[in-house]
Amino acid sequence: FNVVSFTMAIGINGLYVEKTAHGGSFTGEMKQLISQLPRGSYIIVKTVQVVGPDGKVRTINGMNVKIN
């Protein structure tokens with residue numbers, strides 16, 4: 001399976017921010033936002049779209065990631 005896109009959601013400076021990446025890597029903007037988070041913060045990765053060997057695009061479960 002290959003990641004087609006995903007959405008990252010974070011709370012930063014009292015605001016809820018969502019950014020979408022096309023492909024399986026964080027964008028430069030996402031990395032910059034992550035670098036501003038204090039330790040112990042969470043990143044939510046959601047709406048993960050993947051394409052399987054059969055060519056079908058599927059949505060799979062996301063995850064919460066704690067920044068250490």
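Is F6 buried or exposed? F6 is buried, with a relative accessible area of 6%. Buried means under 20% relative accessible area, exposed means over 50%, and partly exposed is in between (1.4 Å probe, protein chains only).

The structure is a predicted model, in which local features need pLDDT of at least 70, side-chain atom pairs count only at pLDDT 80 or more, and totals for chains, interfaces and linings use all residues. Residues are numbered from 1 along each chain as its sequence is written, and side-chain values use heavy atoms, with hydrogens and water left out.

**View 1. Overview of the chain.**
The chain has one helix and five strands. From the N terminus, the elements run β-β-α-β-β-β. Helices (H or I, at least four residues) and strands (E, at least two) are DSSP runs, numbered from the N terminus. The C-alpha trace spans about 40 × 20 × 20 Å along its principal axes. Of the 68 residues in the chain, 31% are buried. The chain exposes about 4,600 Å², and carbon and sulfur atoms supply 52% of that area. Accessible areas come from the Shrake-Rupley method with a 1.4 Å probe; for residues, only the protein chains shown count as cover. Among contacts with a separation of 6 or more, 45% join residues 24 or more positions apart. Contact means heavy atoms within 4.5 Å.

**View 2. The aromatic pair F6 and F26.**
The count comes to one aromatic pair. The ring centres of F6 and F26 are 5.6 Å apart and the planes stand at 90 degrees, so the pair is edge-to-face. F6 lies in strand β1 and F26 in the loop between β2 and α1, so the pair ties together parts that are 20 residues apart in sequence. Rings of Phe, Tyr and Trp (its six-membered ring) pair if their centres lie within 6.5 Å; planes under 30 degrees apart count as stacked, over 60 as edge-to-face and the rest as tilted. F6 is buried, whereas F26 is partly exposed at 34% relative accessible area.

**View 3**
The chain has three salt bridges. A salt bridge is a side-chain nitrogen of Lys or Arg within 4 Å of a carboxyl oxygen of Asp or Glu. Side chains of opposite charge can pair when their charged atoms come close. E18 forms a salt bridge with K46, and the closest N and O atoms are 2.5 Å apart. This pair links distant parts of the chain: E18 is in strand β2 (residues 15-22) and K46 in strand β3 (residues 42-51), 28 residues apart. E18 is partly exposed at 39% relative accessibility. K46 is also partly exposed, with a value of 26%.

**View 3. The salt bridge K19 to E29.**
K19 and E29 meet through their side chains in a salt bridge, 3.1 Å from N to O. K19 lies in strand β2 and E29 in helix α1 (residues 28-35), so the pair ties together parts that are ten residues apart in sequence. K19 counts as partly exposed, at 26% relative accessibility. E29 counts as partly exposed at 47%.

**View 4. The salt bridge D54 to R58.**
Here the side chains of D54 and R58 meet, at 2.8 Å from N to O. D54 is partly exposed, with 48% relative accessible area. For R58 the value is 31%, which is again partly exposed.

Where is N13? N13 sits in the loop between β1 (2-12) and β2. Its phi is near 55 degrees, a positive value in a residue other than glycine. N13 is exposed, at 71% relative accessible area. T47 is not a glycine, yet has a positive phi of about 50 degrees. The place of T47 is in strand β3. T47 is partly exposed, at 44% relative accessibility.

**View 5. The surroundings of S5.**
S5 is found in strand β1. At 13% relative accessibility, S5 counts as buried. Which residues does S5 touch, not counting residues up to four places away in sequence? S5 touches A21, H22, G23, T47, V48 and Q49. One of these, T47, has the positive phi of about 50 degrees.
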